[in-house]
Amino acid sequence: MVEQVIHAGETVEQVVVDASLLDVRYVQEAGSTLRLHVLSFSSASNTIEVEHVGKGCRTEIYALAYIGGKDCVRTHTHVHHNIGNGSSEQIVKFVLRDQAEGEFFGELKIAQDAQHTEALQTNRNLLLSEQATMRTRPQLEIYADDVKASHGATTGQLDESALFYMQQRGLSPEQGRQLLLQAFMADIINSISDEAQRDALMQKIELL
């Protein structure tokens, strides 16, 4: 596991694309910010650990897996708020085609001393075939009493009524499908600061 310390007041943004094995741990000091984007377009195993050791830390994790065939992506996150006045947001999305498999395990832990913490964990998944499978297990542990924390997970298919609506307005089924997929993934892509990188990723997605 690779460990990185984000020093007090420092802001770090990292974009990881198609790493077959990601095993990282971030230690955040007071007032630091981490913005991590992990995008997988083929089989991958992603383990992300974050530990707040100073007050007022901010963590943002955006993860997207868009895979087909028999590829498998496993994304595990562990965010530990040890000190108060911090915040974290996790948005993790899977789009699975063919016989692809996805797995998300998200551990969000707020220690007794981490008062005034705000933490959000969201996992949303789209299955584009009946053979695709998704396993999701969010886990929330709260030991402080003055916090705002939530988590949720949903798994479904493309909205058939929305596809029908688009076809009624002249779009082909494939065009409608592509627009819905782009909309589903937009918040992950748009979270990246670099415009050129965002555009390159959208072009890559359009070719898949």
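Trainee: How many aromatic pairs does a search of the whole structure find?

Mentor: In this predicted model, a search that covers the whole structure returns zero aromatic pairs.

Trainee: How many salt bridges does the count come to?

Mentor: Side chains of opposite charge can pair when their charged atoms come close. Here the count comes to eleven salt bridges, and one of them joins Glu60 to Arg35, with 3.0 Å from N to O. Because Glu60 belongs to strand S6 (residues 58–67) and Arg35 to strand S4 (residues 33–40), this pair ties together parts that are 25 residues apart in sequence.

Trainee: Is Glu60 buried or exposed?

Mentor: Glu60 is buried, at a relative accessible area of 11%, and Arg35 is also buried, at 17%. Both residues belong to a network of salt bridges that links Glu13, Arg35, Arg58, Glu60 and Glu89.

Trainee: Which residue forms a salt bridge with Glu101?

Mentor: Glu101 pairs with Arg135, their closest N and O atoms lying 3.7 Å apart. Glu101 is in strand S9 (residues 101–110) and Arg135 in strand S11 (residues 133–142), so the pair ties together parts that are 34 residues apart in sequence. Arg135 also meets Glu103 in a salt bridge, at 3.5 Å from N to O. As for accessibility, Glu101 counts as partly exposed at 31% and Arg135 as partly exposed at 36%, whereas Glu103 is buried at 18%.

Note on methods:
Residues are numbered from 1 along each chain as its sequence is written. This is a predicted model: local features need pLDDT of at least 70, side-chain atom pairs count only at pLDDT 80 or more; totals for chains, interfaces and linings use all residues. Side-chain values use heavy atoms; hydrogens and water are left out. Rings of Phe, Tyr and Trp (its six-membered ring) pair if their centres lie within 6.5 Å; planes under 30 degrees apart count as stacked, over 60 as edge-to-face and the rest as tilted. A salt bridge is a side-chain nitrogen of Lys or Arg within 4 Å of a carboxyl oxygen of Asp or Glu. Helices (H or I, at least four residues) and strands (E, at least two) are DSSP runs, numbered from the N terminus. Buried means under 20% relative accessible area, exposed over 50%, partly exposed in between (1.4 Å probe, protein chains only).
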